[in-house]
Amino acid sequence: MSFTKGDTKVTLNFRPGMPAIAWGRADSPPRCLCAVCHGPLPEVALRMWRSNGESAALCDYCVEKWIEHRGRARIEKGRSE
Ligand SMILES: [Zn+2]
């Protein structure tokens, strides 16, 4: 799946076992909870849109735990490889 983060197109791969994302409908207000664990979102959250207009935001924990990403934007924090 490809998503746009700012001006940068990022390809995200979801890790196996990831719970279903609670996508928000295009005509509903943006959620302030994580679409995966329903925990609080950080001030700057990863927000994803689908081509049908649905959107979802993920907290740092779920981004770290469930998403592998490629491209210029590095959203992983504090992980040494
Ligand atoms: Zn979460």
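Cys32 counts as exposed because it has 9 C-beta neighbours inside 10 Å, where a residue is termed exposed if 12 or fewer other C-beta atoms lie within 10 Å of its own, buried if 20 or more do, and partly exposed in between, with C-beta atoms placed from the backbone. Cys32 is located in the loop between strand E2 (8-14) and E3, helices (H or I, at least four residues) and strands (E, at least two) being DSSP runs numbered from the N terminus. Although Cys32 and Leu58 are separated by 26 residues in sequence, their C-alpha atoms are 9.7 Å apart in space. The loop between E2 and E3 also holds His38, which counts as exposed because it has 12 C-beta neighbours inside 10 Å. The phi of His38 is near 60°, a positive value in a residue other than glycine.

The structure described here is a predicted model, in which local features need pLDDT of at least 70 and side-chain atom pairs count only at pLDDT 80 or more, while totals for chains, interfaces and linings use all residues. Residues are numbered from 1 along each chain as its sequence is written.

The protein contains one helix and five strands, and these follow the pattern β-β-β-β-α-β when read along the sequence. Of its 81 residues, 20% count as buried. Among the contacts in the protein with a separation of 6 or more, 49% are accounted for by residues 24 or more positions apart, a contact being defined by C-beta atoms, placed from the backbone, that lie within 7 Å of each other.

Strands E3 and E4 run antiparallel and are joined by four bridges, strands being taken as paired if DSSP finds at least two bridges between them. Within this pairing, Arg47 stands opposite Ala57 in E4. The hairpin of E3 and E4 has five residues between the strands, and in this hairpin Gly53 adopts a positive phi near 95°.

The largest nonpolar core comprises 14 residues, and those with the most contacts inside it are Cys34, Ala35, Leu46, Ala57, Leu58 and Cys62; such a core is a set of buried Ala, Val, Leu, Ile, Met, Phe, Trp, Tyr and Cys residues joined through C-beta atoms within 7 Å. At least two residues of this core are supplied by each of strand E3 (46-49), strand E4 (55-58) and helix H1 (60-66). Strand E4 provides the largest share of this core, namely three residues.

How values were computed. Contact = placed C-beta atoms within 7 Å.
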